[in-house]
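Welcome! Let us walk through this structure together, one part at a time.

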Amino acid sequence: MAILKFSASAVAAQIAHARACKTFLPNWNGPVDRPALILIVGNGVHLRSNGIDGTTTRIVTTEQADPSFAFADGMNPFRDTDWMAQRRMAFRDLTGQFYTDILDDVQVLIDRGRGAIRLATDGHSIRVFVRRASDYLIGGTYEVPSGLGGTFRVILKDACDTFAIVQNCGNCEDFDAMQPYRVPLDTLMEIDDRRVA
């Protein structure tokens, strides 16, 4: 799972473009009749409007990018020298175009004055991620997916805006003896949070 960070003003410009259009790029299911944001993983990682207007003939592809699109931090081929390595860390070898349903949620954050928009993605789903490292309690107890189909109870040791360092605690002895490890910040669940792991 990766957390992508975008400039809110760049995303706002893409939303404004989408809302100003009357026709839209189709998705895999056929015609689309409303504004949306498309995440492109290819030549960089960026969000762009799904709107079609008379000012451009550019279609969505993973090979082309325009400097005006909203690029994820560290994944802008016009600015970041190691953008390809960053993209690979987040998406491995996955590339493509992903229609999202995040436009309204992102607009709410922009209207609240957020300077950055953060998205959580596992390569198949994309959602707005509103929590930050400061929202979590260092030393607090959380659950994280175990990779074995269940969850581990962990103590939070440290956190940044994308990852957390955790130590297993309160599981069986073998698991609790593991060294601290890194997990995506988005996977930390409050003990009483019953969302699916």
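How many residues lie between E10 and E11 in their hairpin, and which residue in the turn has a positive phi? There are five residues between the two strands, and Gly 147 is the one with the positive phi, about 85°. Before going further, a word on the ground rules: this is a predicted model, in which local features need pLDDT of at least 70 and side-chain atom pairs count only at pLDDT 80 or more, while totals for chains, interfaces and linings use all residues. Residues are numbered from 1 along each chain as its sequence is written, and side-chain values use heavy atoms, with hydrogens and water left out.

Strand E10 covers residues 141-145 and strand E11 covers residues 151-159; they pair in the antiparallel sense, with five bridges.

Now step back to the whole chain. Its secondary structure consists of four helices and 14 strands; these are DSSP runs numbered from the N terminus, helices being H or I with at least four residues and strands E with at least two. The chain has 197 residues, and 42% of them count as buried. Buried means under 20% relative accessible area, exposed over 50%, and partly exposed in between, using a 1.4 Å probe and protein chains only. Among contacts with a separation of 6 or more, 53% are between residues 24 or more positions apart, a contact being heavy atoms within 4.5 Å.

Finally, look at the charged side chains. Side chains of opposite charge can pair when their charged atoms come close. The model has two salt bridges, each defined as a side-chain nitrogen of Lys or Arg within 4 Å of a carboxyl oxygen of Asp or Glu. In one, Asp 104 meets Arg 19, with the closest N and O atoms 3.3 Å apart. Arg 19 is partly exposed, because its relative accessibility is 42%.

Arg 79 and Asp 80 form a salt bridge too, their closest N and O atoms being 3.9 Å apart. Arg 79 counts as exposed because its relative accessible area is 56%, whereas Asp 80 is buried because its relative accessibility is 17%.

Methods
Two strands pair if DSSP finds at least two bridges between them.
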